[in-house]
Amino acid sequence: METAKKTGMTIGSRDELKAYAAKVRAEMAAQKKRVLVCTGPGCLANGAEKILDAFRSHSIEAVGATRTGCHGFCEVGPLVRIEPDDVVYVRVKPEDVAEIVEETLRKGKVVERLVYRDPDTGRTYPKESDIPFYASQTKVALSNCGAINPDDIGEYIARDGYQALARAVLDLSPDEAIEEVLESGLRGRGGGGFPTGRKWMFARQAKGDQKYVVCNADEGDPGAFMDRCIMEGDPHSVLEGLAIAASAIGADRGYIYVRAEYPLAVARMKNAVKQAKECGLLGANIFGSDFSFDVTIKEGAGAFVCGEETALLASIEGKRGMPRPRPPFPANEGLFGKPTIINNVETLATVPAIIRRGPAWFRAIGAESSPGTKTFAVTGQVANTGLVEVPMGATLRDVVFKIGGGVIGGKKFKAAQIGGPSGGCLPEELLDTPLDYDSLKKAGAMVGSGGLVILDEGTCMVEVARFFMHFTQRESCGKCVPCREGTKRMLEIMEKIVAGRATLEDLDTLEQIAWVVKESSLCALGKTAPNPVLTTLKYFRDEYLAHIVDKKCPAGVCTAFKSYVIHPELCKGCGKCRRTCPAEAITGETKHPHVIDAAKCLKCGACVEACAFGAISLE
Amino acid sequence: MTPVEVAQRKFERVNEIIEEHGREQSALIPILQEVQAEYRYLPEEILTYIATAMGLSVATVFGVATFYAQFSLEPKGKYVVRVCDGTACHVRHSMPVYNAIRSKLGLKDGKYTTPDMMFTVETVACLGACGVAPAMVINGEVYGKMTPEAACMIIDTLLNRDGDN
C-alpha cells in the first residue's frame with residue numbers, strides 16, 4: 001500500500017511551495033493516464049480496494065492508479081475514473097479490470113458495458129461531467145474529493161494547496177483575513193449557519209495569551225456523511241482551513257474532534273497532519289513567518305451531543321460531553337477556559353478557496369443571504385444515492401429529481417427529511433423551497449449538517465417522527481430537565497400513537513411538550529429535538545389522526561394495526577403454531593386449518609417462525 | 001502464570017498506556033479507548049486503578065466511562081456486529097436485518113452477547129455508509145445492501161470459520 005508518501009523536503013517559503021507544486025504537476029503530467037479508484041464509504045464497502053489491487057497488478061507504462069476520496073455517485077459504485085479522458089466506469093468489479101486495462105488504457109477505447117446508463121432514457125454517458133447527476137453540481141468543498149490521492153500531500157499542493165495559507169500568513173494581517181471571510185458571507189456549515197467571520201472576529205478580540213481553534217468533525221446526524229467524505233477525500237483542505245483560522249485569531253494550537261465511528265477519517269487526518277509537519281507546513285515559523293501552529297486529532301467516544309460546541313469542548317477536556325449555558329461563548333471562554341473557535345469540517349474546507357479566490361468570487365455563488373455552496377448526503381428511497389454539492393438556494397426539487405433522479409422504483413415522493421434529528425420533514429408542496437438557512441428555518445426544518453433522506457409513499461411519517469424521537473431521547477445527555485424529561489414523555493406518546501393506544505388528548509399534550517422542550521432546553525439538541533414531530537404534525541397531521549381516530553396506518557407500516565392471519569389454503573393443520581403460541585390464541589383441529597384469535601394475539605410472531613408451510617402472515 | 005502474575009501483567013499494560021498519554025484529565029478518554037481496545041471492555045478494577053493513577057475521583061472516571069456509547073463495562077463477544085439504524089438505513093429496512101441476526105443467534109430481551117462470547121449484536125446510529133444502506137459492520141468490516149438472509153449468511157460464514165479452528 002502506498003501511503004504516507006514522503007515529500008522528502010521542507011517547504012519554508014512561498015517560492016518553495018510553488019516549486020514543489022510545479023514538480024508534482026510535472027510528475028503527474030508525465031503519466032499519460034491516471035486511474036482514480038473511488039474509496040469513499042460506499043465503494044469501499046463494495047470492494048474498491050480489490051479493484052485498486054487489480055489495477056496495480058497490471059503494470060502499464062506511464063499509467064498511475066490511485067485511490068481517491070468519494071466521487072459522490074455512491075448508487076452506482078464502485079466507481080473508476082480515468083483521466084485526462086474523464087471516462088467513468090460504474091459498478092466495476094475486480095474481474096472487469098483486465099478489460100479496462102486492455103481497451104481503455106492500452107487502446108484508448110471506451111468499454112461500453114461499464115458506462116453509466118440513465119435508467120429512464122437509456123442514454124449512455126461515458127464522461128463524468130455529462131452525467132445528469134454531476135452536471136448540475138458546483139464543487140467547492142468537494143473540488144478535490146475524488147480527484148486526488150488523500151494520502152499524498154503533493155497532490156494537494158499540486159492543486160494550489162496551502163497557497164491560501166501562504167497568503168493568509170504572508171500577505172494578510174489577521175484582521176484582513178477575517179475581513180475577507182466576513183465579506184464572503186460564509187456561514188457555519190454544521191447546521192447553525194452562524195457567520196464564520198463574526199465568530200473569528202470575537203475570538204480575535206478576546207483577551208488571552210493562549211487561544212485555540214477546534215474543528216468539529218463529530219458528524220453525528222444519522223444520514224449525513226459529507227464531513228466524513230471531506231476528511232477521507234481531502235484532509236489537507238481541512239487542515240489548511242484550520243491553520244488559516246488559527247493565524248487569524250492568534251491561536252497556536254488546534255484540535256480536530258472526529259467521531260469514533262469514522263476510523264478511516266481519523267487515519268487519513270492523522271496522516272495529513274504527519275505529512276504537513278514533515279514538510280514544515282505545520283509546526284514552528286510556517287513559511288518563515290512568526291506563525292506557529294500544531295494540531296492534535298482527538299477521537300470522540302460515541303455521543304451525539306458532542307456535536308454541540310460546549311459539549312465537544314468538555315469531551316476534549318476529558319469530561320462527560322455535556323453542554324453548558326452560553327454566554328460565556330467559547331470565543332471568550334472555550335477550551336480550558338481560553339478563547340476558542342469551533343468550526344465544522346465543511347466550513348473549514350471552504351475557507352482556503354475563499355482566501356485564494358477572494359470573497360467576491362464566493363459571494364457570486366449561491367443565495368444572497370447564504371452565499372456559496374452546500375454539500376448534501378442524498379439517501380433513502382432515492383434513485384441516485386450520493387454526495388452532492390450545489391449552490392445554496394438550489395431548490396429541493398432540483399436536488400431530489402434533477403440530481404437524485406427521483407424516487408426509486410417509480411414510487412411517489414412523500415417527503416424529504418432534512419437536517420437529521422434536528423431537522424424536519426418537508427412534503428411535496430414544499431419541493432420548491434430553496435435550500436438555504438433562512439428558507440428552511442421558515443419551513444420548520446434546518447440545513448443541519450446536510451443529511452437529506454428521501455421518503456416515498458410507503459413510509460409512515462408518524463413512525464419516522466417516532467424514530468427520531470427515539471434517537472434524541474437516547475442521546476439526550478440528561479443535564480437539563482426539559483430535554484431529559486420532555487423527550488422521554490414525547491417518545492412515550494409517539495409510541496402510544498404507533499401502537500394505536502393514543503387519544504386526541506395525547507396529541508395536544510405532545511404538541512404542548514414539544515414547544516416547552518423547544519423553548520426551554522439548554523442546548524441545540526433539545527431545542528431542535530421536537531422539529532421532526534412538529535413538522536410532521538404540521539404537514540402530515542392527517543396521518544396522526546388516522547393512527548389515533550381511525551386506528552389505521554395509511555402507509556401500512558405500523559404493525560400494531562396489522563394482524564397475523566393463517567391462510568386456510570396453505571395450512572395443513574399440523575398444530576405446531578397452536579402449541580408454540582404463548583397466548584393460546586390459536587385454535588383448530590389437527591389436519592384442519594387453524595385460526596388466530598386477534599383479541600388474544602400478542603403479535604410476537606412466534607407462529608410465523610414455527611410454521612413450516614409459510615401459511616401465516618402479517619396483514 | 002499464577003493469578004497474581006496475571007493481575008500484575010494486566011496493570012503493567014495499563015501503566016504503559018497511562019505513561020504514554022500522561023496524567024492530565026484530557027488524556028482520560030484516549031486512555032479508556034486504548035484500554036478497551038486491549039481488553040475489549042473496561043473491567044471495573046481497572047477503572048478504579050486508572051482513577052487512582054491519574055489522581056481523579058473514581059466517580060469521575062466511571063462517569064466518563066458510562067457516558068459514552070463506545071465504552072462498555074461488560075465483556076463483548078469476539079465478533080461485534082453493529083447494524084446501522086441511521087435514517088437512511090432505517091427507511092431501507094435495517095430493523096428486519098437486526099432482528100433476523102438476533103433471532104438467529106438466539107438473543108432475546110436485554111441480551112446483546114451470546115453466552116459463548118462469540119457475538120455481540122448492537123445497533124449504531126450511523127456509520128456514514130448511507131450509500132450502501134442498509135449497512136452493518138463486523139469488527140470494522142463494512143457490509144452493504146443487507147437483507148435478513150444475506151446478514152444471516154455472513155453470520156453462518158463466521159460461525160463455520162470458527163468451527164473449523
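This is a predicted model: local features need pLDDT of at least 70, side-chain atom pairs count only at pLDDT 80 or more; totals for chains, interfaces and linings use all residues.
Residues count from 1 along each chain as its sequence is written, and chains are lettered from A and ligands numbered from 1 in the order in which they are written. Local features need pLDDT of at least 70 and side-chain atom pairs count only at pLDDT 80 or more, while totals for chains, interfaces and linings use all residues.

User: How do the axes of helix H7 and helix H11 of chain A run, roughly parallel or roughly antiparallel?
Analyst: Helices here are DSSP runs (H or I) of at least four residues, strands (E) of at least two, numbered from the N terminus. Axes are lines fitted to C-alpha atoms, for helices over the stretch in contact, with angles from 0 to 180 degrees between N-to-C directions. The axes of H7(A) (163-171) and H11(A) (235-249) come within 9 Å and cross at roughly 5 degrees. Angles under 35 degrees count as roughly parallel, over 145 as roughly antiparallel, 65 to 115 as roughly perpendicular and the rest as oblique, so H7(A) is to H11(A) roughly parallel.

User: Which residues of H7(A) meet H11(A)?
Analyst: Contact means C-beta atoms, placed from the backbone, within 7 Å. On the H11(A) side sit Glu240(A), Ala243(A), Ile244(A), Ser247(A) and Ala248(A), and facing them from H7(A) are Ala164(A), Leu165(A), Ala168(A) and Val169(A).

User: Where is the proline of the cis peptide bond from Arg326(A)?
Analyst: Most peptide bonds are trans. The bond from Arg326(A) to Pro327(A) is cis, with omega near 0 degrees. Pro327(A) lies in the loop between helix H13 (309-316) and strand E10 (340-344) of chain A.

User: Is Ala62(A), with its positive phi, buried or exposed?
Analyst: Ala62(A) is not a glycine, yet its phi is about 60 degrees. A residue is buried if 20 or more other C-beta atoms lie within 10 Å of its own, exposed if 12 or fewer, and partly exposed in between. Ala62(A) has 10 other C-beta atoms within 10 Å, so it is exposed.

User: Which element gives the most to the side of chain A that touches chain B?
Analyst: The contact takes 43 residues from chain A and 33 residues from chain B. Elements giving two or more residues to the chain A side include helix H2 (41-45), strand E11 (373-380) and helix H18 (461-475) of chain A. The one that gives the most, with four residues, is H2(A).

Technical notes:
Two residues are in contact if their C-beta atoms, placed from the backbone, lie within 7 Å.
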